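The sequence and the structure are shown first, and the description follows.

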Amino acid sequence: MKEFVDALNDINALAEQSAGFVWRLTGDDDNATEFRPFDDDRIIFNMSVWTGLESLKKLRLQQRSHQLPASPQGVVHDHARGLHCGGW
C-alpha cells in the first residue's frame, strides 16, 4: 500500500490533466489522505469526480503507460460490517 500512497501526487496530477476530470477532494497537503473519519490507518481517501466512466477508464490506461500503481497490490481486504460504500 505504501507504493500506492507514495504515488498519489503523481496519480492526482495525471488525473487533473486528463479529459473528463471535474474535481477532487483535497486538504492542506493537496490530497485527501489527511482526512481520517475512522480510527483506522488502513483506510485512506482519494476521491475525484469525472464526467463519465469512459474518462476514468482512460485514466487507468494512462496510469499503466506511466507505470503508476492503479491500486494497492497484495492488500488484504477486511469485510465491512454494517453500512458501507466503495467505488472506483
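With which residue does lysine 57 form a salt bridge? The partner is glutamate 54, and the closest N and O atoms of the pair are 3.6 Å apart. The model described here is a predicted one.

## Salt bridges

The structure holds 3 salt bridges. The pair of lysine 57 and glutamate 54 lies within helix α3, where the two residues are 3 residues apart, about one turn of the helix. Lysine 57 counts as partly exposed because its relative accessibility is 44%, whereas glutamate 54, at 51%, counts as exposed.

Elsewhere, Glu16, Arg24 and Asp30 are linked in a network of salt bridges. The side chain of arginine 24 meets that of glutamate 16 at 2.6 Å, N to O. Arginine 24 also forms a salt bridge with aspartate 30, with 3.3 Å between the closest N and O atoms. Arginine 24 has a relative accessibility of 7% and therefore counts as buried, the cut-off being under 20%. Glutamate 16 is partly exposed, with a relative accessible area of 40%, and aspartate 30 is partly exposed at 45%.

## Helix α3

Helix α3 comprises the 13 residues 53-65. At 1.5 Å a residue, the helix should span 18 Å; the C-alpha atoms at its ends are 19 Å apart, which agrees with that expectation.

The buried residues of α3 are Ser55, Leu59 and Gln63. Seen down the helix axis, these buried residues fall within an arc of 90°, so they line one face of α3. They pack against α2 (8-16) and β2 (48-50). On the face turned away from the buried side, α3 carries exposed residues, among them Leu53, Lys58, Leu61 and Arg64. Glutamate 54, described above as a salt-bridge partner of lysine 57, also belongs to this outward set. After α3 comes glutamine 67, whose phi is positive, near 60°.

## Helix α2

In α2, the buried residues are Leu8, Ile11, Asn12, Leu14 and Ala15. Their directions, seen down the axis of α2, fall within an arc of 160°, so these residues too line one face of their helix. What covers them includes α1 (2-6), β1, β2 and α3.

## The loop between β1 and β2

Several residues described in this report belong to the loop between the two strands. Aspartate 30 is placed in the loop between β1 and β2. Its phi is near 65°, a positive value in a residue other than glycine.

Isoleucine 43 is found in the loop between β1 (21-24) and β2. With 33% relative accessibility, isoleucine 43 counts as partly exposed. Leaving aside residues up to four places away in sequence, isoleucine 43 touches Arg36 and Phe38. Threonine 33 is 10 residues from isoleucine 43 in sequence, and their C-alpha atoms are 8.8 Å apart in space.

## A nonpolar surface patch

Which residues make the nonpolar surface patch of about 350 Å²? They are Val22, Trp23, Met47 and Val49. Of these, methionine 47 has its place in the loop between β1 and β2. Methionine 47 is partly exposed, its relative accessible area being 41%.

Notes
Residues numbered from 1 in each chain as written. Predicted model: local features only at pLDDT ≥ 70, side-chain atom pairs only at ≥ 80, totals over all residues. Heavy atoms only, no water. Helix = DSSP H or I, 4+ residues; strand = E, 2+ residues; numbered from the N terminus. Expected span 1.5 Å × (residues − 1). Buried < 20%, exposed > 50% of the residue type's maximum accessible area, 1.4 Å probe, protein only. Arc of directions from axis to C-beta. Contact = heavy atoms within 4.5 Å. Patch = residues over 30% accessible without salt bridge, like charges linked within 9 Å, V, L, I, M, F, W, Y side chains within 5 Å. Areas by Shrake-Rupley, 256 points an atom, 1.4 Å probe, with all protein chains shown as cover. Salt bridge = Lys/Arg side-chain N within 4 Å of Asp/Glu carboxyl O.
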